[in-house]
Every structure is written in C-alpha cells, then in structure tokens.
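Hi everyone, thanks for making time for this. Please have a look at the structure on the screen, and I will walk you through a few parts of it.

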Amino acid sequence: MPDHSDLLRRLVDNSPDGILVSRQDRIEFANPAAVRLCAMDTPDWLLGTPILELFTPQTRRAVRDALDRARSGAADVRVDGRLAFTGANEVVVQIDIRAAGDEDMQLVLRDVTVQRRDEARLRESEERLALAVAGAREGVWDLNLETGHVIYSPRWKEMLGYADDEIEPHIAAFQRLVHPDDRQRADRAHDSIASGEATFEAEFRLRHKDGHYVHVLSRGYPVRRGGDGPVVRIVGTHLDLTDRKLAEAALRESEERLRLAFAGAQEGVWDWNLETGAVVYSPRWVEMLGYDPREIEPHVSAWERLIHPDDVQLAQHLNESLARGAGTYEGEFRLRHKDGRYIHVLSRGFPVRRVPGGPVVRIVGTHFDLTARRAAEALAERQRAEQARTEWLTRLVFAQEDERRRIAREMHDQFGEQLTTLARRIERLKDAAGGRPELVSPIEALENTARQLDRDVEQLVWELRPTALDDLGLRAALANYVQTWSEREGIPAQLHTSGLLDDRLPSDTETTLYRIAQEALTNAARHSRASRVDVILERRGDHVLLIVEDNGVGFDPAQKPADGSSFGLVGMQERAALVGAALQIESAPGEGTTVLLRLRNPMAAAAGQP
C-alpha cells in the first residue's frame with residue numbers, strides 16, 4: 001500500500017500553485033510554489049508571518065473581507081491580491097480560500113499577473129473603442145457569415161429611429177432596410193471581403209422608421225478562422241451621412257446661387273492673397289478684358305499691368321483704407337482690354353483677416369463691367385440733348401410761324417387799308433384832272449404802281465402765311481400755292497389729292513406739310529430743270545402721304561453739292577421730325593427727284609387705331 005501522506009506531500013510540493021495554511025491568521029505552512037511567488041528563499045521566511053502582511057496595503061482589505069466570508073462558512077471564496085514582498089516586480093495572485101475548522105485556513109495562490117494585465121489592456125482598448133465609436137457617432141455591426149446572425153449596436157438602430165428590441169439580430173434586417181437600388185452594391189461589398197479583400201467602404205441608403213432614407217457610410221473588416229482561413233465574420237461601422245449630405249446639398253445650392261448671381265450680374269470675381277501676391281481671377285473677370293484664362297498670370301502683377309496709370313493712386317488709397325480697418329471698398333478703375341482700349345469697371349473688395357482685428361491677409365472682390373452702362377449713359381445724354389434740341393427747334397419753328405402769322409395779319413390789315421385809301425385818292429385825283437392829258441398820264445402811272453404794290457404786299461402776306469391755310473386747310477392752301485408757283489416759275493405743276501376731302505389735320509401738322517412742300521418746290525425751281533412737277537397729298541389707311549416728284553436732272557443724295565449747300569434737305573427732315581413724320585429723298589442723276597413724307601394720321605392715333 002502506498003503511503004498516502006507521502007503522496008499528498010509530493011503533490012503539494014510539486015503544485016504549480018502556491019499553497020498556504022494559516023492558523024489564527026498566521027502562516028503555518030508554505031509549499032515551494034508559495035515561497036517562489038513571495039520571492040523568498042526558504043519557507044522559514046514565511047512561517048509565523050501574519051497572512052495579511054503578504055499583500056500590499058491596497059489589497060489587504062479585500063483579502064481580509066474574503067477571509068471573513070470563508071470563516072463564516074461561505075464556499076468557493078475567491079479574491080485577487082497583490083503580493084507585498086516581490087519588490088519592483090508586481091505579482092497579482094488569485095486567492096482561493098477555504099476554512100478548515102475555526103482556526104485553520106487554506107489559501108491557494110495562482111499567479112494571474114499576465115492575465116490581469118491583458119484583461120486590463122483589453123478593457124482599456126474596448127473602452128477606447130467604445131469612446132471613439134461614441135464620439136464618432138457610428139453604429140457598429142458584427143455579421144456572422146456562417147449563420148447570418150448580426151449584432152447591431154444601439155447607435156446603429158438609433159440612427160434609423162428604432163428601439164433596441166425592434167431590429168432582429170439577423171442579416172435579413174439589413175436586407176429589408178437597404179434601398180433596393182443599393183442592394184446589389186451592398187452584396188458586392190460583402191462578397192469582396194469574403195473573397196479576400198482587406199476592407200470595404202461604400203455608401204448605402206437605409207430606410208428610417210418614419211419612411212425616409214438615411215445615407216450611411218459603411219466600412220467593413222474581415223475576421224478569419226485562422227491566419228489564412230476563410231472569412232467567418234465581418235465587423236464594421238455605419239456613419240450617418242445625413243448632416244453631411246444636407247451640408248453638401250446646401251453648399252451646392254449656395255454655390256449654384258452664387259454662380260447664377262454672378263452670371264446674372266455679369267461680374268468677375270478675384271481673390272488676392274496679400275502675403276504671396278497670388279490672385280485667382282474668375283473666367284468672367286478674364287473674359288471682360290478679352291483674354292483667354294491662360295493669358296492672365298495668377299498674380300497681382302497682371303492687374304498692375306492692366307490698370308490705367310491715372311487710376312493706380314486711387315487703387316492704392318482704397319487698399320490702404322482696408323488696412324486701416326475699413327469694412328469694404330468700392331471704386332471705379334479703367335483696365336486695358338486685349339484690343340488696347342480701356343474699359344471702365346466697378347471694383348468692390350472685402351477684406352479677410354486671419355484673426356479679428358489682425359492684418360488683412362486676403363481681399364476678395366468683384367469687377368462689374370461698366371462699358372454698357374457708360375454707353376447707355378452717353379446714349380441717354382445724347383438723347384436728352386437731342387430731345388432738348390428738338391423741343392427748342394419745335395418752339396422756334398412754331399414761334400416763327402406764329403410770328404409770320406402775326407406779321408402777315410398786320411401787313412394785310414395795315415398795308416391793305418392804306419393801299420385801299422391810296423387807290424381811292426388816286427381815283428379822285430384822276431377824276432379831278434378832268435381829262436387833262438398832261439395830268440392823266442402821270443396819274444395812271446401812279447395808279448399802276450399802287451396796284452403793283454398792292455399785289456406785292458398780297459404776295460408777301462401770302463408767302464408769310466397764306467390765309468387759306470388757316471381758313472380752309474392744307475388741301476386748299478396747297479392747291480393755291482402749287483397753281484401760283486407753276487404760273488410764276490413757268491413749270492407745269494399739279495396737285496393730286498385723295499382721301500382727305502374736308503378732313504383737317506392739326507394746325508402744326510398742316511403747317512409742317514405746307515412748308516416742306518414749299519421747300520421741295522423751291523428746290524425744284526432752283527436745281528431740277530424739270531419740265532413737270534407733281535404734288536400728291538393723300539390719306540392711305542392710317543397714314544398721310546405728301547409726295548413732291550419732278551422729272552428733272554436729279555442728283556446723288558449721298559454726295560454734297562459743290563456749293564456746300566444741302567438743298568434744304570436737313571431743314572425739311574428736321575421739320576418732319578417735329579411732327580413725328582419720316583422724310584425720304586429718292587433721286588439719282590438723270591432720273592428726277594422724289595420727296596416722300598410719311599406721317600401717321602394724328603386723327604387715327606387720337607382714335608386709338610393701331
């Protein structure tokens with residue numbers, strides 16, 4: 001029979017775990033493993049030592065509480081303690097305590113230093129991961145490819161609006177929530193990892209609980225059964241991209257609005273870095289000056305080369321005002337176009353400072369091409385001047401007509417009355433002569449002179465302002481004038497009228513047409529050498545036409561006469577413009593001349609006809 005006590009002794013001595021036996025909380029026995037754990041040379045160093053002194057002050061209380069629990073009858077009491085006599089080497093032991101009667105205790109010490117260190121590192125790593133994931137607001141998922149089981153983190157579910165118990169822990173939940181158009185891309189991503197890819201990263205849309213879709217960035221990492229074994233798990237994260245997508249959309253919309261605003265405003269943008277001198281010129285900025293973007297160097301020297309020398313001082317003054325603290329600047333400069341001319345631009349600048357109150361490091365601004373505005377302003381100024389001239393000319397012409405009318409009336413009344421009196425007195429003088437030849441002949445000569453004077457005054461009055469024009473209208477006055485002109489000049493002339501009959505045009509219109517016909521006939525008498533002249537006055541639809549045409553020698557309207565005159569054409573055109581009429585001269589050498597005036601019928605305009 002073997003000696004059981006000897007066998008037990010050998011087992012205790014060869015145990016890899018330290019074994020201590022205490023009585024009344026003092027060590028009575030220590031096996032070799034316990035001696036080594038406590039960094040002692042012989043068991044004698046331990047025997048008689050209070051059990052609690054083996055442990056550091058930080059762990060003594062936990063050991064004492066465990067001893068008390070075992071002493072009170074608790075089974076399987078276990079506690080960790082740190083040994084006090086190991087010097088710089090920290091040794092953590094797991095202590096299993098059993099009571100053997102009222103006084104004796106058995107303590108089994110197992111070195112767990114490395115295990116506890118690894119566990120602490122694991123906890124720290126897991127805590128860092130948890131904090132990182134929480135800080136990144138990412139949802140975590142862990143897919144078992146063999147079973148389809150998936151662990152979805154609370155954040156994963158939260159970003160889709162679900163409670164923790166509303167998502168089944170299976171791949172089917174993801175497949176149910178992924179957007180149909182993204183399902184194939186998700187399958188390819190998972191397959192790529194299963195087939196050997198190291199990681200994957202892709203964007204999917206997952207359906208939120210309320211029905212809308214959430215954009216997520218999914219990253220996956222493979223877990224293999226062995227170093228080179230098959231992938232059995234994919235662990236990854238989901239990042240909610242909703243805010244990013246909204247920000248990107250808002251940015252795109254803002255950039256689009258800005259682009260459209262600048263395009264609509266036709267403004268060029270520039271961004272000047274004051275520290276480096278580099279300038280970003282927009283395509284529109286370059287286009288304004290007629291250049292290709294490659295022809296303008298991205299530097300302030302390009303602007304300095306193009307600005308008009310007289311505007312350099314103004315530009316420097318505005319830049320200095322920004323450096324002194326001005327919020328913005330605005331000024332007009334002239335920049336040299338590629339074709340050599342200068343264009344006016346309105347420049348606005350906004351300073352950018354690295355820190356509030358610090359120096360200006362950038363100026364961002366715009367250039368607005370004022371060329372069209374300047375041209376429009378010049379045109380408007382010319383139009384105002386032309387309008388003023390037209391108004392002045394209108395007042396002058398019609399003032400002349402009024403003066404002509406007044407003088408004609410006064411001449412008719414005053415000279416007419418005096419000439420009538422003179423004629424009566426000559427008649428009485430003739431009667432008094434009593435047939436005396438020596439007196440009758442001079443009196444008849446005097447009578448003839450008085451009659452000629454009467455005709456001359458009548459002709460002068462008529463030329464100043466024919467009374468028929470005021471009393472009977474344009475048609476009658478023109479008929480009278482054409483007949484008189486024909487008799488006086490010896491050139492056959494005829495007036496043709498149509499559509500007017502008894503209609504009267506406004507007084508200023510009739511006067512203008514009469515004077516233009518008068519001037520045209522005067523030109524025909526002086527220059528045309530015509531054998532016939534026709535004057536046409538007619539109404540066609542809503543327009544009135546006045547045409548004076550002759551069969552004379554004609555002329556080239558584009559060529560000025562040798563004597564420098566203009567045949568009165570400018571005066572006729574100005575008169576026509578005063579009443580809104582268009583005057584056209586048609587002539588060619590040897591083909592006669594036609595003066596055509598076209599006027600919208602003022603009566604039709606007043607009636608609202610188109």
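Let me begin with a definition: two strands pair if DSSP finds at least two bridges between them. Helices (H or I, at least four residues) and strands (E, at least two residues) are DSSP runs, numbered from the N terminus. With that in hand, three bridges join strand E6, residues 138-144, to strand E7, and the two run antiparallel. Within that pair, Leu143 has Val150 of E7 as its bridge partner.

Before going on, a word on where this comes from. This is a predicted model, in which local features need pLDDT of at least 70 and side-chain atom pairs count only at pLDDT 80 or more, while totals for chains, interfaces and linings use all residues. Residues are numbered from 1 along each chain as its sequence is written, and side-chain values use heavy atoms, with hydrogens and water left out.

Now the overall picture. The protein has 18 helices and 20 strands. Of its 610 residues, 38% are buried; buried means under 20% relative accessible area, exposed over 50%, and partly exposed in between, with a 1.4 Å probe and protein chains only. A contact means heavy atoms within 4.5 Å. Among contacts between residues at least 6 apart in sequence, 51% join residues at least 24 apart.

Back to E6 and E7, then. What order do the five strands of their open sheet take? The order is E7-E6-E10-E9-E8, with antiparallel pairing. Strand E7 (150-152) and strand E8 (200-207) stand at the edges with a single partner strand each, so one side of each has no neighbour in the sheet. From one strand to the next, the twist averages 25 degrees. For angles like this, axes are lines fitted to C-alpha atoms, for helices over the stretch in contact, and angles run from 0 to 180 degrees between N-to-C directions.

Helix H7 lies across E6, E8, strand E9 (213-224) and strand E10 (231-240), running at about 145 degrees to E8. Is His190 buried or exposed? His190 is buried, at a relative accessible area of 13%. Leaving out residues up to four places away in sequence, His190 touches Trp141, Ile171, Phe174, Phe200 and Ile234.

Next, please move along to another sheet. Here five strands form an open sheet in the order E12-E11-E15-E14-E13, with antiparallel pairing. Strand E12 (279-281) and strand E13 (329-336) are at the edges, each with a single partner strand, so each has one side left without a neighbour in the sheet. Neighbouring strands of this sheet are turned by 25 degrees against each other on average, direction ignored. Across strand E11 (267-273), E13, E14 and E15 lies helix H11, residues 312-323, which runs at about 150 degrees to E13.

Let me zoom in on two hairpins there. E13 and E14 are joined by eight bridges and run antiparallel, and Arg336 stands opposite Tyr342 in E14. Their hairpin has five residues between the strands, and Gly340 takes a positive phi near 100 degrees. Strand E14 (residues 342-353) then pairs with strand E15 (residues 360-369) in the antiparallel sense over nine bridges. In E15, Phe368 is the bridge partner of Leu346, and His367 is that of Ser347. The hairpin of E14 and E15 has six residues between the strands, with Gly357 in the turn at a positive phi of about 85 degrees.

Now for a pair of helices. Helix H15 (residues 474-489) and helix H16 (residues 507-528) have axes that come within 11 Å and cross at roughly 15 degrees. H15 and H16 are therefore roughly parallel to each other, since angles under 35 degrees count as roughly parallel, over 145 as roughly antiparallel, 65 to 115 as roughly perpendicular and the rest as oblique. Residues making the contact include Leu474, Tyr481 and Trp485 of H15 and Leu513, Tyr514 and Leu521 of H16.

Last stop, just past H16. Arg529 sits in the loop between H16 and strand E17 (533-540). Its phi is near 55 degrees, a positive value in a residue other than glycine. At 70% relative accessibility, Arg529 counts as exposed.
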